[in-house]
Amino acid sequence: MPAKMMTSVLDNNVKFDKQKGAVKELLEQWTNCHRKIFLESLLSKCSGSQLEFLFSVTEPLHHRGFIYSAQHHLQQCPPISTPSSRHEALLFALGNVSEKFYRPKSAVLKSQEDIDKLIKENSSVYGVQSGGLFKSNKTKRTATSKKFQKELGNVLMWYEKEWNDSEKLDILYVILCGLSVHELYHATLILNLRRYRDFVTKLPLDLSLKILSYLTPKDIVNASEVSKDWHDICTSDVTWNIKCVQHAVPPNNPEELRQQELYKNNILLKDNWKNGRCRVNCFSGSQHKMVSVAYDTKTGKIATGMVNGEIKIWNLSKSGGALIATLISHTKSVWGVEWFKGNCLISCSSDGTIKIWNVKKGLCQKSIEAHEGKIWTIKCETDVIFSGSDDKSIKCWDIKRCEVIQTYSGHNGSIFCLDLNGSDQLLSGSADKTVRIWDRHTGECMRCIWVTHTNPGWVMGLSVSQGHVACCHNDKVTIYHINTGVLVKTVHSHSDAIESVQMEMKNGSKNPGTTLVTCSKDKTIHYWELDKDVLHKLEGHKDTVHKVVFTSTRIVSVSADCTLKIWKFAAPNQPNIRRKTLISGGQGQLYLYEYHYDENVQYESEETKLYKKHLTRRFRQRNKLSGSSSDLGSREILSSLSDCSMSTGTSITPVEIASH
């Protein structure tokens with residue numbers, strides 16, 4: 001080492017020793033009040049590593065065992081509430097520790113005012129004793145306020161600008177060694193306040209929400225258990241609205257759920273679709289086959305067309321769903337039904353007519369002799385109806401005047417399905433194995449797509465989404481780009497002819513993907529996540545499934561087995577929460593919650609499960625000592641916990657579950 005550098009290091013060491021001696025002398029000279037101010041000022045200048053050092057040195061004062069052993073020296077000084085001590089309190093309340101454990105009430109510190117209040121309540125303990133707060137037998141001199149401020153400023157300046165990290169730790173160690181027990185306790189109060197500072201409530205709300213927005217939903221739920229203030233912020237609609245926006249949760253909230261429940265239900269919904277989990281409601285109001293269905297998402301009403309010419313109206317908004325009306329006017333099978341506006345329903349039949357119904361009154365308001373042959377399909381848009389028939393033609397009808405506006409000719413077979421692409425294009429599928437794209441205003445055929453060359457090859461259904469069309473023929477589904485006619489994908493999963501198809505494509509950056517739902521003569525419903533190439537099969541119908549429609553929360557299907565099935569993927573109804581006080585501990589009563597859904601399924605909180613495990617363990621130990629079997633203990637615990645279970649006054653109705 002060069003001589004100049006060695007000389008500089010020696011000079012710095014000498015200077016630091018002099019400054020350290022000056023600090024010791026000042027501490028002995030300052031009054032109790034001045035030393036208190038110095039201690040608080042110095043701790044405010046400490047970095048994180050220095051605070052960790054101080055916290056490690058004073059850590060014994062956090063333990064209740066030390067507080068108990070030092071009762072003679074720490075009279076009336078309560079232990080400090082920390083996360084570890086609160087965890088111990090929970091274990092104590094659950095019976096996992098000795099009942100003779102020393103547990104005085106803890107001091108909860110949220111601000112400097114709490115420390116001042118604690119010191120004031122124990123002023124007799126913090127009073128000046130024979131040796132003063134600091135261990136020194138020297139006579140104390142009273143420093144003037146100006147002189148103290150100058151001395152304090154010098155020490156803090158040395159600490160901030162002249163001393164390195166090693167020297168700072170040396171000074172802190174010297175100061176701690178000179179503190180009495182009560183002074184250490186006071187330093188511990190300040191350190192705890194610094195270490196467990198509640199930044200969420202101290203910061204402006206906008207900053208707190210910004211910090212919470214970087215947490216995962218699971219972390220936010222865990223953070224809500226920290227304190228009441230954290231719970232209020234972490235469960236607020238503002239916090240969860242940020243999460244809803246981040247994960248593209250639909251903003252529509254018809255049930256006016258809280259944002260947290262809305263987010264949770266959306267996550268559960270996605271998970272149910274992903275894993276093929278659903279609840280099934282089955283309705284059968286007739287002995288005749290159902291061949292068509294239409295679902296109104298706004299009113300919750302479903303219309304089903306029957307082979308005997310009847311139309312059944314179901315209301316899902318009522319508890320469990322109910323048949324509310326039967327419309328009778330058609331003389332043959334009703335192959336198409338479409339909800340129009342409000343209570344207006346439009347239907348088509350093999351009898352060659354289109355009928356317009358007032359569902360509320362149960363009356364047929366208009367009947368149109370539309371085609372010479374059977375009408376297989378209809379499609380409604382604004383004030384017009386498109387109909388496809390056995391006579392190989394498509395007609396566009398004005399609903400108000402019941403007049404033909406446009407006729408589309410070009411197919412060489414019956415038209416089985418129709419759909420619209422925007423406001424300008426009409427697509428049709430036919431028994432001639434083609435899908436034709438029409439200009440709906442001029443009636444011109446813009447493009448013809450041959451979907452297959454095999455027999456029979458009838459195009460039984462098609463669905464348009466995001467510039468693509470999915471059409472089903474035989475046991476396959478083919479997807480084409482509408483503007484170019486290029487084949488995009490072929491899907492083959494059914495073992496028999498496909499009767500109906502519906503496709504939904506999402507091109508958003510947050511939740512892209514394509515969902516394809518089909519039904520078939522093989523009695524099954526298949527839905528694909530095409531972007532992931534994942535297939536889910538829904539089995540439950542006993543005959544051909546003629547028609548299927550789906551929304552974001554459910555699939556609706558009708559079958560030749562005379563049943564209507566609703567496959568619900570949404571989360572169950574919100575639970576009724578009941579509270580029972582099962583146990584009590586030194587810090588008060590511990591409440592355990594159980595959740596009971598309408599489907600008569602019980603869900604227990606984690607605390608309830610923990611308590612039951614602990615109680616089971618106790619019973620097993622007791623039976624082991626008495627020589628009894630463990631099964632007997634299990635029966636005893638179930639009996640002892642019977643009071644904790646939710647009792648229902650209604651009989652349990654089995655829920656039909658689809659096999660996946």
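Tyr 480 sits opposite Leu 487 in strand S21, and S20 and S21 pair in the antiparallel sense over five bridges. Strands here, like helices, are DSSP runs numbered from the N terminus (E, at least two residues, for strands; H or I, at least four, for helices), and two strands pair if DSSP finds at least two bridges between them. Keep in mind that this is a predicted model, where local features need pLDDT of at least 70, side-chain atom pairs count only at pLDDT 80 or more, and totals for chains, interfaces and linings use all residues. Residues are numbered from 1 along each chain as its sequence is written, and side-chain values use heavy atoms, with hydrogens and water left out.

**The sheet S18-S19-S20-S21**

- Four strands make an open sheet in the order S18-S19-S20-S21, with antiparallel pairing.
- S18 and strand S21 (487-492) are the edge strands, each pairing on one side only.
- Ignoring direction, neighbouring strands of this sheet are turned by 20 degrees against each other on average; the axes behind that angle are lines fitted to C-alpha atoms (for helices, over the stretch in contact), and angles run from 0 to 180 degrees between N-to-C directions.
- As background, strands of a sheet pair through backbone hydrogen bonds, either parallel or antiparallel.

**Strand S19 and its two partners**

- Strand S19 (residues 468-473) is largely enclosed by the rest of the structure, because six of its six residues are buried. Buried means under 20% relative accessible area, exposed means over 50%, and partly exposed is in between (1.4 Å probe, protein chains only).
- His 468, Ala 470 and Cys 472 point one way from S19, while Val 469, Cys 471 and His 473 point the other way, and all are buried.
- On one side, S19 pairs with strand S18 (residues 459-465) in the antiparallel sense over six bridges, with His 468 in S19 as the bridge partner of Ser 465.
- The S18 and S19 hairpin has two residues between the strands, and Gln 466 takes a positive phi near 50 degrees there.
- S19 also pairs with strand S20 (residues 476-481), again antiparallel and over six bridges; here the bridge partner of His 468 is His 481.
- The hairpin of S19 and S20 has two residues between the strands too, and Asn 474 in the turn has a positive phi of about 55 degrees.

**Asp 439 and the S16-S17 hairpin**

- S16 pairs with strand S17 (residues 445-450) in the antiparallel sense over five bridges, and Arg 436 stands opposite Cys 448 in S17.
- Five residues lie between S16 and S17 in their hairpin, and Gly 443 in the turn has a positive phi of about 80 degrees.
- Asp 439 belongs to strand S16 (residues 434-439). A polar atom of the Asp 439 side chain lies 3.3 Å from the backbone nitrogen of Thr 442.
- Leaving aside neighbours within four places in sequence, Asp 439 is in contact (heavy atoms within 4.5 Å) with Tyr 408, Asp 424, Glu 444 and Met 446.
- Asp 439 and Gln 425 are 14 residues apart in sequence, yet 5.0 Å apart in space, C-alpha to C-alpha.

**Ser 414**

- Ser 414 sits in the loop between strand S13 (403-409) and strand S14 (415-421), and with a relative accessible area of 13% it is buried.
- The Ser 414 side chain makes a polar contact with the side chain of Asp 390 (2.3 Å). A polar contact is a pair of N or O atoms within 3.5 Å; within protein, one must be able to donate a hydrogen and the other to accept it, and residues adjacent in sequence count only if both atoms are side-chain atoms.
- Beyond four places in sequence, the contacts of Ser 414 include Trp 376, Lys 392 and Gly 429.

**Whole protein and confidence**

- The protein has 17 helices and 32 strands, and buried residues make up 46% of its 660 residues.
- The average pLDDT (the predictor's confidence in each residue, from 0 to 100) is 77, and 73% of the residues score at least 70.
- Confidence is highest in strand S15 (residues 425-430), at a mean of 95, and lowest in strand S32 (residues 656-657), at 30.
- Residues 125-143 stay under 50 in pLDDT, and the model has 38 contacts for them beyond four places in sequence.
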